[in-house]
Amino acid sequence: MVKKMSNIPFSGTPEQEAQLKAVIDASKHDEHLLMSVMQEAQGIYGYLPIEVQEMIAEGMGVSLEKVFGVSTFYAQFALSPKGKYNVSVCLGTACYVKGSGELLDEICNVLGVGSGECTDDARFSVEECRCVGACGLAPVFMVNDDVYGRVKPEEIKDILAKYN
């Protein structure tokens, strides 16, 4: 999966920027702490927009290319914000065999975004996961903490409509 940068404008606050600068200042002496700084930055902002990556690169004295490379290599980093409703589709073996790939396709179709993306109104984001521990209900997807099992693609539109 190729990570896509967000189409939602960055809207960080001065408080968030101050938090990030404090994290960077505490770690800028050691380039090996880059991932730790990036993890804390994602905790502050919820994702790593290019503006945050630029602050990290400048503050840590590393290239933006290095920060971007790390953020796109590791699955733990998100380049797009999470929506109010985060839709997570299980692609673990049991779910995949039972059709979760088709569920993911239909969810993306209904919402008009791809996996790893957020809708323009920031209501929904979509992501893939490997197992939610509900194999007996396969195929499974979640909307925030709500679990939906034994779902058929034709049910997706009505399920997502509950969150509008």
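Where does Ala 122 lie?

Mentor: The model is a predicted one. Within it, Ala 122 belongs to the loop that runs between helix H6 (100–111) and S2. Its phi is positive, at about 60 degrees, although the residue is not a glycine. Most residues other than glycine have a negative phi, and most peptide bonds are trans.

Asn 144, in the loop between S3 and strand S4 (146–149), is another residue other than glycine with a positive phi, near 55 degrees. At a relative accessibility of 35%, Asn 144 also counts as partly exposed. The loop between strand S2 (124–129) and strand S3 (140–143) contains Pro 139, and the peptide bond that joins Ala 138 to Pro 139 is cis, with omega about -5 degrees.

The helical part of the model can be approached through H3. The residue that follows H3 is Gly 61, which has a positive phi near 70 degrees. Inside the helix, which spans residues 50–60, lies Ala 57. Ala 57 has a relative accessible area of 5% and is therefore buried, the limit being under 20%. Beyond its neighbours within four places in sequence, Ala 57 is in contact with Val 62, Ser 63, Leu 64 and Val 67. By contrast, Cys 108 stands 51 residues from Ala 57 along the chain, and their C-alpha atoms are separated by 33 Å.

Ala 57 is one of a set of buried residues in H3, the others being Val 52, Gln 53, Ile 56 and Met 60. These residues lie on the same side of H3, because they cover an arc of only 135 degrees around its axis. An α-helix has 3.6 residues a turn, so residues three or four places apart point the same way. The cover over the buried residues of H3 includes H1, helix H2 (34–45) and helix H4 (64–73).

The packing against H1 comes next. Two packed helices are described by the angle between their axes and the distance between the axes. For H1 and H3 the angle is about 30 degrees and the axes are 9 Å apart. The two helices are therefore roughly parallel to each other, a term that applies to angles under 35 degrees. Their crossing is right-handed. H1 contributes Glu 17, Leu 20, Ile 24 and Ser 27 to the contact, while H3 contributes Val 52, Met 55, Ile 56, Gly 59 and Met 60. By class, this contact has six nonpolar residues, two polar and one charged.

Ser 27 lies in H1, which covers residues 14–27. Its relative accessible area is 10%, and Ser 27 is thus buried. Leaving out residues up to four places away in sequence, Ser 27 touches Leu 33, Val 37 and Met 60.

The axes of H2 and H3 come within 11 Å and cross at roughly 145 degrees, and this crossing too is right-handed. On the H2 side the contact is made by Leu 34, Val 37, Met 38, Ala 41 and Tyr 45, and on the H3 side by Val 52, Met 55, Ile 56 and Met 60. This contact has nine nonpolar residues, with no polar and no charged ones.

Notes: Residues are numbered from 1 along each chain as its sequence is written. This is a predicted model: local features need pLDDT of at least 70, side-chain atom pairs count only at pLDDT 80 or more; totals for chains, interfaces and linings use all residues. Side-chain values use heavy atoms; hydrogens and water are left out. Helices (H or I, at least four residues) and strands (E, at least two) are DSSP runs, numbered from the N terminus. Buried means under 20% relative accessible area, exposed over 50%, partly exposed in between (1.4 Å probe, protein chains only). Contact means heavy atoms within 4.5 Å. The arc is that of the directions from the helix axis to the C-beta atoms. Axes are lines fitted to C-alpha atoms, for helices over the stretch in contact, and angles run from 0 to 180 degrees between N-to-C directions. Angles under 35 degrees count as roughly parallel, over 145 as roughly antiparallel, 65 to 115 as roughly perpendicular and the rest as oblique. A crossing is left-handed if the near helix is turned anticlockwise from the far one by less than a right angle, and right-handed if clockwise. Ala, Val, Leu, Ile, Met, Phe, Trp, Tyr, Cys and Pro count as nonpolar, Asp, Glu, Lys and Arg as charged, and the others, Gly among them, as polar.
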